[in-house]
Every structure is written in structure tokens, then in C-alpha cells.
Amino acid sequence: MIKRCIAYGAAMLVILYTFLIYDAEVLSAILILSILYPILSLSWLTLTRKSLRTKRDRVPEIGEEGKEIRAGILLKNLSRYFAIQYEVKIVVTDRNREEKAVKICRGNLAPESSETVWCDFETTECGVLEVSVESIRRYDWFRIFYLTEEKEERSLIKIFPEYELIPMEITRRVREFQADDTEYAQDRKGDDASETYQIRSYREQDNIKDIHWKQTARAGKLMIRERGFPLGCVVLIWIDYPEGKKEKNDFSGMVKNAASLSVTLAEEKCIHLVAWYDDLTGKVVMWRVKTVQDACYMTWNLLDIHPYKRTDWMNECRMECFRGREFAAVIEVDASGRFWQNGQKAEHLRI
């Protein structure tokens with residue numbers, strides 16, 4: 001604006017000089033108009049300051065890695081009589097890599113009309129994108145002067161990773177590991193005496209302690225009560241995301257591999273627990289994953305993870321959270337997306 005005012009002042013000096021040199025009525029009119037124009041422009045810009053509205057209802061909440069995202073900002077002119085010339089500054093920020101892309105859109109809105117400004121951009125990695133309307137400029141009739149309105153409107157787009165099934169070997173120990181839970185399997189028996197899997201006829205190899213005496217009395221023959229198999233979380237996926245990891249693709253690789261591992265276990269009908277330390281709340285966030293849908297919902301929340309600053313606090317919260325709990329296997333995913341098992345890097349997972 002300062003440069004425009006200086007340029008306009010220089011133009012007025014030229015007009016004034018021409019007016020003093022030449023005697024012409026048209027120069028008088030031009031001089032008067034040039035003097036009054038800034039006042040009229042400021043009055044008009046002030047009068048229409050509440051006429052332009054923005055709405056971010058066409059910004060998607062979710063996207064997919066490697067696909068194009070199209071976000072729309074709706075502009076609406078509320079004035080009945082005046083058209084508005086505008087310039088909108090849209091900024092797309094990658095929160096995890098601190099990269100920004102700026103798009104400037106210009107146009108003219110007729111009275112009581114609306115227009116959608118579209119912003120198209122490619123996504124190469126998963127993460128969280130922030131689409132914001134940083135500022136809006138309203139110009140006068142000849143686009144000489146303008147007023148800028150700063151905005152703080154932001155919308156988040158979560159870019160989901162492209163899931164890939166991870167080759168792994170699930171041992172019989174994990175398949176038959178019984179963890180405490182309130183949900184029980186419908187297709188296999190276990191050793192939990194508090195839950196009944198099924199009632200059946202007695203066989204020679206059955207333990208006499210499992211005889212169901214009430215059902216035996218009703219049926220007139222020995223009946224056996226098979227115990228339930230609790231469907232607890234037998235595998236723990238711990239996501240370790242400390243502050244200070246600046247290598248490229250750290251966040252994307254970590255989220256993608258953790259999500260792919262969770263989807264793979266869900267496909268294998270292996271109920272597991274995904275957990276990480278949330279530095280903002282100082283607590284351990286845990287998600288129980290049983291189905292692929294659960295894995296997708298877990299990924300949605302994982303995209304909001306923040307790196308922790310103090311390792312000692314994280315270790316203390318982790319120990320306190322899992323005190324007394326047992327897992328058949330624990331897999332750690334570090335900030336680079338690598339898998340660790342029993343303190344060693346695991347190229348091939350065998351749990």
C-alpha cells in the first residue's frame with residue numbers, strides 16, 4: 001500500500017504541474033478528481049468492509065496419499081448494490097514437514113453473488129495439511145487502493161497412507177495366547193473358567209472338574225462345560241516418536257508402516273493394541289484394534305501425534321500404563337518407520 005500511495009502522490013504532482021503549465025478546464029476536473037479519489041476510495045472500502053464473507057465448507061477432511069486434493073473456498077458478496085474486486089491469499093501448510101504453498105486468487109463479485117475459489121495440489125506423503133485463508137484484499141473501482149482483512153480461518157485435511165500388507169509370521173504362541181478381556185471367541189475354547197464356550201456331552205479324555213452338574217441332571221447324562229477363550233490384545237504396537245527427528249519422510253514412513261502393520265494384524269484376526277505417548281496431555285494414547293475399520297480409525301488419530309520432548313517422562317508413563325499387563329509380542333515402530341522387536345531391528349517380523 002505504501003508503494004501505491006507514493007506512486008499516486010507522484011501522479012498527482014504531475015497532474016498539478018500540468019495544470020499550472022496549461023490552461024484547460026479538463027485538467028481542473030482531473031486535478032479535483034485525483035484529490036477526491038483517495039477520500040472516496042477509503043469511504044467506499046470502509047462501507048463495504050462487511051460485505052465479503054468466506055466459507056470453508058468445500059475443504060475435504062480426508063485425502064489419500066499420492067492423490068490430488070481439491071479444496072474450495074466459497075466467497076459471497078452480501079451487498080445489494082456494489083460489486084467487489086477481491087484478492088484472496090490461500091496458504092496450504094504441511095504441518096509435519098513445515099512446507100508451505102501459496103496461491104493468490106483474484107476476481108470480481110457481482111452484488112449478492114457467490115463464487116468458489118478452488119485450490120488444487122498434489123499429495124506425495126501422508127500427514128496433516130492445513131488450508132487457511134490468510135488474508136483478503138478488497139480493491140476500489142480502478143484497483144488503485146485496497147484494504148486488507150487478516151483471517152484466521154483454518155481447515156485440516158488428514159492425508160491417509162496407502163496401506164501395504166506386511167509379510168510376517170504369526171506363531172502358534174500368539175494365536176493361543178490368552179489375555180484378560182470381556183469379549184470371548186465364538187469359534188474356539190480356552191481356559192477362562194469365568195466364561196462358557198459351549199455345553200456338550202462328556203468324552204473319556206475330559207476332565208471331571210469340567211462336568212456341568214445342573215445340565216447333567218437335566219439331560220440325564222454327563223455334560224461338559226467348555227471354558228471360553230478371551231479375545232484380549234495379545235500384541236502391542238508401540239510408536240516411538242521423539243522430538244528432533246528431521247530426516248525426510250520420517251513422519252510419513254512412521255505412520256504408513258504403523259498403519260500397515262495394524263491392518264495386516266487385523267486381516268490375520270489378531271487383536272492388538274496400538275499405543276503412543278502424547279506430549280500435549282502427558283498420557284499414553286491407546287487404541288484397541290480388532291478389525292480393519294478399527295485400524296483406519298486408529299490411523300486417523302495417529303495423524304495428530306506430537307513428538308515428545310523428554311524421554312524420562314515417556315518411559316515413566318509407559319511403565320505405569322502397562323504395569324501388570326502381558327503381551328505375547330511387542331513391536332516398536334520408530335520415527336523412521338523401522339520395526340524393532342526385543343531391542344533389535346526386525347527386517348522380517350516373526351511374532
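Throughout these legends, a residue is called buried under 20% relative accessible area, exposed over 50% and partly exposed in between, with a 1.4 Å probe and protein chains only. The model is predicted, so that local features need pLDDT of at least 70 and side-chain atom pairs count only at pLDDT 80 or more, while totals for chains, interfaces and linings use all residues. Residues are numbered from 1 along each chain as its sequence is written, and side-chain values use heavy atoms, with hydrogens and water left out.

**View A. Cys317 and its closest cysteine sulfur.** Cys317 is partly exposed because its relative accessibility is 23%. Its sulfur lies 8.6 Å from that of Cys321, too far for a bond, and a search of the whole structure finds 0 disulfides (pairs of cysteine sulfur atoms within 2.5 Å).

**View B. The salt bridge of Arg106 and Glu87.** The two side chains meet at 2.8 Å, N to O, where a salt bridge is a side-chain nitrogen of Lys or Arg within 4 Å of a carboxyl oxygen of Asp or Glu. Arg106 is exposed at 55% relative accessibility, whereas Glu87 is buried at 11%. Both residues also belong, with Arg137, to a network of salt bridges.

**View C. The salt bridge of Glu134 and Lys89.** The closest N and O atoms of Glu134 and Lys89 are 3.1 Å apart. Glu134, at 29% relative accessibility, is partly exposed, and Lys89, at 27%, is likewise partly exposed.

**View D. The salt bridge of Arg318 and Glu332.** These side chains meet at 3.1 Å, N to O. Arg318 counts as buried at 19% relative accessibility, whereas Glu332 counts as partly exposed at 27%.
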